[in-house]
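This briefing is meant for someone meeting the structure for the first time. Please look over the sequence and the model before reading on.

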Amino acid sequence: MAGERDTPSALISTDPVFRSMLRQALASSGCPITISSEITQPLAQMGPDQVSELKRINPELIFLDLEQDPVIGVQFAHFLAESNPRRQFVAVGPVLQPELLMQAMRAGISDYLPKPVSPEELSAALDRAARKLGIPADGAGRLPGKLFVAFSVKGGSGTTTVATNLAVRLQRLTGKKTLLVDLNLELGEVALFLGLQARFTFIDLLRNLHRMDAELLASYIEQHESGVQLLAGPEEPGMADALTADGVHQILGLLRQHFDYVVVDTSTSFAPVTMAALEQANEVLLITHADLPSLRNIKRTLPFLERTAGRSGDKIRLIVNRYLLEDPISLEDVTSTVGMEVDAVLANEYEAIVRSINTGKPIALERKSKFNNDLGILGARLAGTGAVTKRGRKGPLGSIRKFLGLKDQGAAHE
Ligand SMILES: Nc1ncnc2c1ncn2[C@@H]1O[C@H](COP(=O)(O)OP(=O)(O)OP(=O)(O)O)[C@@H](O)[C@H]1O
Ligand SMILES: [Mg+2]
């Protein structure tokens, strides 16, 4: 993320809409580029203070808005290019007459975008400038990270336990940048599970989304000793009231630009903000116990979840947590009841897990255990380094379906 080796840039624009769009484009590109100077005066009013500031920070990249005065803007670009020939410009402004456009090119403005500029055009120009400057591909051109959303249709199923420990396993397994996000709408618990005291939450990120850059984003994120990073959830009820589905889309989109894996813990809620996370997920981890109330809830909500998650529901992985061999409901029963194969089974280890929560030490770090082993298999599969199980629907009615009083499974799913 942002650091001392970030490439310095300057932003010169009187237009708050453009300035905000640029910050967002920079943040979502993940490019290690920092806006070291932001000049908001009209070009004609720039004085020695601004010029010496630009000399001091010696930006390699300049975002220049010519809207106020294209002629002076082109002259100014010429002046700036002469003092550092390596310098790149991304300029925006009105449609220029061919002659002035030619002068702009000669002045070193190789990328000129007539306003209004779309976020996509701006991101593409940013990528081009980053490439020309040889900025490493941490951001520029980088593929967005994978988004795994843990969700359950019954409280207490182990969603937070699985999300937290899975993030630790993924990070350990792959060494890749892994972020755990607590998208709980009421009281976030992930920080507690990691033994961290978070200074900020995703609500702070939401409030400042309009001026987000890599540096600001990094300041909202906590580091855990395991290597996993955390964006915490709200500390008090009511804090997430301002969060909308659109806000969640934007936040998760931004985070995926900066991390290889984003693991999201959710609350058991069908609120639009939670559904927005499922919609965007690469994989939804549907955590359940093999008990009647849980299976009944899955049965009732699966068609809705499949529609929400998209891709015909094939990105939903059914994870049976706290499974005991002696459970009266077998895995076959689970499959035939909900009409979906079980993707992973996580062992029941109550004592060790409660201890790990109470001491703030994820069990994934603590010791070898059946639960950890099971989680490792799931983690490897999600990271694409393990065996892939076949997922899909199962045919015949299981005995438990009668017990649940459910009708024909195929009909219920169409
Ligand atoms: N595999 C497991 N074996 C034994 N106990 C478990 C296991 N997974 C979770 N638990 C226990 O279940 C309880 C609930 O876990 P957790 O808080 O992760 O569930 P949740 O679905 O996030 O709950 P909530 O709905 O409150 O958010 C905890 O006490 C935890 O110790
Ligand atoms: Mg929870």
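In which hand does H3 pass H4 in their crossing? The crossing of H3 and H4 is left-handed, a term used when the near helix is turned anticlockwise from the far one by less than a right angle, clockwise being right-handed.

This is a predicted model, in which local features need pLDDT of at least 70 and side-chain atom pairs count only at pLDDT 80 or more, while totals for chains, interfaces and linings use all residues. Residues are numbered from 1 along each chain as its sequence is written, and chains are lettered from A and ligands numbered from 1 in the order in which they are written.

**Helices H3 and H4**
- Helix H3 (residues 70-83) and helix H4 (residues 98-106) pack at an angle of about 20°, with axes 8 Å apart, and this makes them roughly parallel (angles under 35 degrees).
- Pro70, Val71, Val74 and Ala77 of H3 meet Leu100, Gln103 and Ala104 of H4, where contact means C-beta atoms, placed from the backbone, within 7 Å.

**Helix H11**
- In helix H11 (residues 272-280), 7 of the 9 residues are buried, that is, with 20 or more other C-beta atoms within 10 Å of their own, the C-beta atoms being placed from the backbone.
- The cover over these buried residues includes strand E6 (146-151), helix H10 (245-258) and helix H12 (292-309).

**Ligand 1**
- Ligand 1 is surrounded by 20 residues, the closest being Gly155, Gly158, Thr159, Thr160 and Thr161.
- Helix H14 gives the most to this shell, with 4 residues.

Technical notes: Near = placed C-beta within 6 Å. Helix = DSSP H or I, 4+ residues; strand = E, 2+ residues; numbered from the N terminus. Buried ≥ 20, exposed ≤ 12 C-beta atoms within 10 Å, placed from the backbone. Contact = placed C-beta atoms within 7 Å. Axes fitted to C-alpha atoms, helices over the stretch in contact; angles between N-to-C directions. Parallel < 35°, antiparallel > 145°, perpendicular 65-115°, else oblique.
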